[in-house]
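Subject: Structure handover

Hello,

Here is the structure for you to look at. My notes on it follow below.

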Amino acid sequence: MASSVKIIRHKLQDRIFHWVMAICIFTLIITGLFPIVGFEFDWVPIHWIAGVILTLIIFWHIFRSIFQQDLLSMWISFSEIKSIIKGIKSKTSIKSGKYSILQKLMHNGVTLITLIAIFTGILLMIRIDTPFWERNPYLFSQSIWGWIYVLHGLSTLCFVSVIIIHIYFALRPEKFFYTWSMLVGWISKKDFDNNHDDKLWSDREEI
């Protein structure tokens with residue numbers, strides 16, 4: 001008989017953050033890239049508003065990660081690296097804690113890309129009129145503006161690549177329970193036992 005126990009993986013506010021962030025990033029990519037390929041529309045206001053919303057929720061997430069969650073849970077430890085190497089050599093699967101090393105790498109990569117996009121995006125907002133200030137395209141030299149554009153564009157291309165990878169793994173049948181948990185907040189006891197080490201995920205909550 002299958003166990004009815006469920007393991008909480010994502011609390012409601014974390015799921016809301018994930019999906020709002022996803023909507024913002026998709027909006028930014030569409031408004032940033034579509035005009036380049038010929039789709040003309042008034043994209044600038046939509047783009048910077050989505051960027052402001054993304055910035056606010058990222059700062060909120062950073063605050064929660066530092067003061068309300070275990071920030072080190074997303075840090076890749078040497079013991080995890082050793083376990084992965086051992087698993088590769090022995091051709092056996094290694095169970096992880098709450099997050100696998102690949103999930104941590106994805107999270108940390110997205111964090112870096114997002115911070116670059118936010119920082120350069122805030123600087124680029126200086127060049128447009130907003131309710132907060134009037135445009136000032138002369139704050140930096142043309143060479144500095146050029147580097148800001150380059151970094152902002154690279155972050156966009158990285159987002160596109162990360163999204164493709166993320167969707168690919170999210171839709172794989174054997175990993176789809178992770179995607180489902182981002183909707184409902186929990187994983188089954190069976191999926192937990194098959195993929196996670198209860199010693200490494202000691203602070204788990206059951207429902």
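**Overall layout**

The protein chain has seven helices and three strands. Helices (H or I, at least four residues) and strands (E, at least two) are DSSP runs, numbered from the N terminus. Along the sequence, the order is β-α-α-α-α-α-α-β-α-β.

This is a predicted model, in which local features need pLDDT of at least 70 and side-chain atom pairs count only at pLDDT 80 or more, while totals for chains, interfaces and linings use all residues. Residues are numbered from 1 along each chain as its sequence is written, and side-chain values use heavy atoms, with hydrogens and water left out.

The C-alpha atoms of the protein chain fill a box of roughly 65 × 35 × 35 Å, taken along the principal axes. The chain has 207 residues, and 32% of them count as buried. Buried means under 20% relative accessible area, exposed means over 50%, and partly exposed lies in between (1.4 Å probe, protein chains only).

Contact means heavy atoms within 4.5 Å. Take the contacts in the protein chain between residues at least 6 apart in sequence: 71% of these join residues at least 24 apart.

**The cores**

In soluble globular proteins, nonpolar side chains tend to be buried together. A nonpolar core here is a set of buried Ala, Val, Leu, Ile, Met, Phe, Trp, Tyr and Cys residues joined through side-chain atoms within 4.5 Å.

The largest nonpolar core has 17 residues. Met-21, Ile-25, Leu-54, Ile-58 and Phe-159 have the most contacts inside it. Four helices each supply at least two residues of this core: H1 (12-33), H2 (43-67), H4 (101-124) and H5 (142-170). Helix H1 gives the largest share, six residues.

Leaving aside neighbours within four places in sequence, Phe-159 is in contact with Ile-25, Ile-29, Ile-113, Thr-114 and Ala-117.

Another core lies apart from the largest one. This other core has six residues, among them Phe-177, Ile-187, Phe-192 and Trp-201.

Thr-120 lies in helix H4. Thr-120 is buried, at 2% relative accessibility. Its side chain reaches the backbone oxygen of Ile-116 at 2.7 Å. Not counting residues up to four places away in sequence, Thr-120 touches Ile-148, Leu-151 and His-152.

Ser-155 lies in helix H5. Ser-155 is also a buried residue, with a relative accessible area of 4%. Setting aside neighbours within four places in sequence, Ser-155 is in contact with Ile-113, Ile-116 and Ala-117. Ser-155 and Lys-6 are 149 residues apart along the chain, and their C-alpha atoms are separated by 37 Å.

**Where H1 meets H6**

Helix H6 covers residues 176-184. The axes of H1 and H6 come within 8 Å and cross at roughly 105 degrees. Axes are lines fitted to C-alpha atoms, for helices over the stretch in contact, and angles run from 0 to 180 degrees between N-to-C directions. The two helices, H1 and H6, are therefore roughly perpendicular to each other, a term for angles of 65 to 115 degrees.

H1 makes this contact through Arg-15, His-18 and Trp-19, and H6 through Ser-181, Met-182, Leu-183 and Val-184.

**A loop and a helix residue**

Ser-96 is found in the loop between helix H3 (78-90) and H4. Is Ser-96 buried or exposed? Ser-96 counts as buried, at 12% relative accessibility. Not counting residues up to four places away in sequence, Ser-96 touches Asn-195, His-196, Asp-197 and Leu-200.

Ile-49 is found in helix H2. Ile-49 counts as partly exposed, at 40% relative accessibility. Ile-49 and Lys-175 are 126 residues apart in sequence and 34 Å apart in space, C-alpha to C-alpha.

**Cysteines**

How many disulfides are there? A disulfide is a pair of cysteine sulfur atoms within 2.5 Å. By this rule the count is zero. Cys-24 is in no disulfide, and the nearest cysteine sulfur, that of Cys-158, is 19 Å away. Cys-158 is in no disulfide either. Cys-24 is buried, with a relative accessible area of 5%, whereas Cys-158 is partly exposed, at 36%.

Best regards

Methods: A polar contact is a pair of N or O atoms within 3.5 Å; within protein, one must be able to donate a hydrogen and the other to accept it, and residues adjacent in sequence count only if both atoms are side-chain atoms. Angles under 35 degrees count as roughly parallel, over 145 as roughly antiparallel, 65 to 115 as roughly perpendicular and the rest as oblique.
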